[in-house]
Amino acid sequence: MGGALAQRVGEGETGSGAGGTACGAPRGGRWRAATAGRGRVLASLALLTAAVLTFHSAVPNAVGRLGSLLEAFLPWLGLAVPLLLVAALVRRSAVAPVALLLPALAWLGQFGGLLLPAEHGAHELTVVQHNASDENRDPAGTADALAGAAPELIALEELTPSAVPAYAQALASRYPHHAVEGTVGLWSKYPLTGVRRLDIKPTGIGEGWNRGLRAGVSTPHGEIAVYVAHLPSVRIRPSGFASQLRDESARLLGAAVAAEPVDRVVLLGDLNGTVDDRGLAPVTSRMQVPQRGFALSWPASFPVSRIDQVLARSAAVADIRTLPATGSDHLPVFARVSWDPADGS
């Protein structure tokens, strides 16, 4: 009886195991199918991210200027790679991690060079660009902080009539040459020549809007033309990315640079756009953008974008970095502009 009971128990276990195997196969098949499905979704998202990074200029601007809005934050698309990788590991997808190589390579191709060490040229000019804010309560302290980085040129925007004397007094001993036009100014260790107002006012903006200047700077390595500009602000509205005024001002600025007779030009300014933004193409297509450094400058409390720019023609912006916060909602940016003697005086 005991043997028979043991036999029946054994048969029951065997039957149960066999039944478990038979029933388990479909469950395993469904699990693998679901996993494969999730892997395809993640792989599709990876391919979409790579496509947007590589072909962002193909995103149309006709509706709400979506393309410019995307390009304002383009480097942040790289965050999709680690997020999708975590999702792939959780889902145990074998396809998705392989697909993620494409957006990773696309991001490196687009921005990886900014992470490399800066190269040094034969001649160098150090500059600081800063939207100092018209609400800055400590202009003298801001001036001292910027001068502490020891640049040869300092460009400021959002200067108010009441703040200009404070900046001038704080910088006078170290930067004996300066010029102010409207709300923008330039302080220099070297003599300034040919200072004039730069007309970048878009249609429809009233008189008194003066946010650009041009000055010749006599450096030890030859004459250069320096432009200081503050383009109109952009806004994100229910209708989309409002950048029309900024774009028109950028076209005027680009035309001014194109007409500049001095070969070597340095542009310092709050352009209210990134160098990837197609709205700034009239300027960036004519000038060199920074080769090294991200220097996210706005907003100062949590920088997500570099809208404070240093660009150059017949020269290279070797690197760019941010400086500590001042009393402004922008961070200052410090850059080195370099060129070789063979490129001209």
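Predicted model: local features only at pLDDT ≥ 70, side-chain atom pairs only at ≥ 80, totals over all residues.
1. Strand β13, residues 333-339, is mostly covered, with seven of its seven residues buried.

2. β13 is paired with strand β1, residues 123-131, through seven bridges. The two strands run antiparallel. Within this pairing, V128 stands opposite F334 of β13.

3. β13 is also joined to strand β12, residues 316-322, by six bridges. Here too the arrangement is antiparallel. V317 has V337 in β13 as its bridge partner.

4. Turning to the helix: α3 covers residues 80-91, 12 residues in total. From its first C-alpha to its last it reaches 16 Å, close to the 16 Å expected at 1.5 Å a residue.

5. Which residues of α3 are buried? They are V81, L84 and A88. Viewed down the axis of α3, these buried residues fall within an arc of 70°, so they line one face of the helix. An α-helix has 3.6 residues a turn, so residues three or four places apart point the same way.

6. L83, V86, L89 and V90 lie on the other side of α3 and are exposed.

7. After α3 comes R92, which has a positive phi, near 55°.

Technical notes: Residues numbered from 1 in each chain as written. Heavy atoms only, no water. Helix = DSSP H or I, 4+ residues; strand = E, 2+ residues; numbered from the N terminus. Expected span 1.5 Å × (residues − 1). Buried < 20%, exposed > 50% of the residue type's maximum accessible area, 1.4 Å probe, protein only. Arc of directions from axis to C-beta. Pairing = 2+ DSSP bridges.
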